[in-house]
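This briefing sets out the main features of the chain shown below, grouped by topic. The points move from the chain as a whole to individual residues.

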Amino acid sequence: MLAINMDDVINVLNSCKPYLIGFAGAAVLVLIAAVACGRMEKPAKKLGRTQAGIALLLALITTVNLICFIPMSSLISLATGNGTISEEISAEATELCTQVAEEGIVLLKNENILPLERNTNLNVFGWASTNPCYGGTGSGSLSDAYETYLCFRGWNRQVFI
């Protein structure tokens, strides 16, 4: 099942916030104009309220257009398959991934210690030993649909505890 990360949703809404505030301001002005038309004669009142509705519709269309073409343009392009990533950006991302992997990989030499027998005590040191991080955000997030394992890899062996 596809899980939605609420932090990502909040970030998207925050990038659209100025446009939504502008639309809210326009809606308030249209509402004031529509109420002000109440004291006019019937034909003028109908014309004023119709124009207020058209103004609100145009404000909505303009806001959606601005949101789609400014903060959300790259997200929409990539989602529809029209977007591309430049070779320079791809090379930078590959370099960053390589750096993260080099800094994060630890080689554990297995001197006939692994695999551990069942119910063997194991001391784990570091900040993650008291507050483990089993996954990330987005596609790395955890789901109750799958079991989570604490995995140690040894020389040609893999042990799940």
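Among the contacts in the chain with a separation of 6 or more, 59% are made by residues 24 or more positions apart. The model is a predicted one. Its chain contains four helices and two strands, arranged along the sequence as α-α-α-α-β-β.

**Surface and burial**

- Buried residues make up 9% of the 161 residues of the chain.
- The chain has an accessible surface of about 13,800 Å², and carbon and sulfur atoms contribute 61% of that area.

- Helix 1 spans residues 6-36 and bends by about 50° at Lys-17.
- A proline, Pro-18, follows the bend within four residues.
- Cys-16, Val-30 and Ala-34 are buried in helix 1.
- The packing partner of the buried residues of helix 1 is helix 2, which covers residues 42-69.
- An α-helix has 3.6 residues a turn, so residues three or four places apart point the same way.

**Ala-27**

- Ala-27 is also part of helix 1.
- Ala-27 counts as partly exposed because its relative accessible area is 25%, which lies between the limits of 20% for buried and 50% for exposed.

**Thr-63**

- Thr-63 belongs to helix 2.
- With a relative accessible area of 11%, Thr-63 is buried, since the cut-off for that class is under 20%.
- The side chain of Thr-63 comes to 2.8 Å from the backbone oxygen of Ala-59.
- Leaving aside residues up to four places away in sequence, Thr-63 touches Tyr-19 and Phe-23.

**Cysteines**

- How many disulfides does a search of the whole structure find? The search returns zero.
- A disulfide is a covalent bond between the sulfur atoms of two cysteines.
- For Cys-68, the closest cysteine sulfur is that of Cys-16, and the 8.5 Å between them is too far for a bond, because a disulfide requires sulfur atoms within 2.5 Å.
- Cys-68 is partly exposed, at a relative accessible area of 30%.
- Cys-37 is buried, its relative accessibility being 7%.

Definitions and conventions: Residues are numbered from 1 along each chain as its sequence is written. This is a predicted model: local features need pLDDT of at least 70, side-chain atom pairs count only at pLDDT 80 or more; totals for chains, interfaces and linings use all residues. Side-chain values use heavy atoms; hydrogens and water are left out. The bend at a residue is the angle between axes fitted to the seven residues ending there and the seven starting there. Buried means under 20% relative accessible area, exposed over 50%, partly exposed in between (1.4 Å probe, protein chains only). Contact means heavy atoms within 4.5 Å. Accessible areas come from the Shrake-Rupley method with a 1.4 Å probe; for residues, only the protein chains shown count as cover. A polar contact is a pair of N or O atoms within 3.5 Å; within protein, one must be able to donate a hydrogen and the other to accept it, and residues adjacent in sequence count only if both atoms are side-chain atoms.
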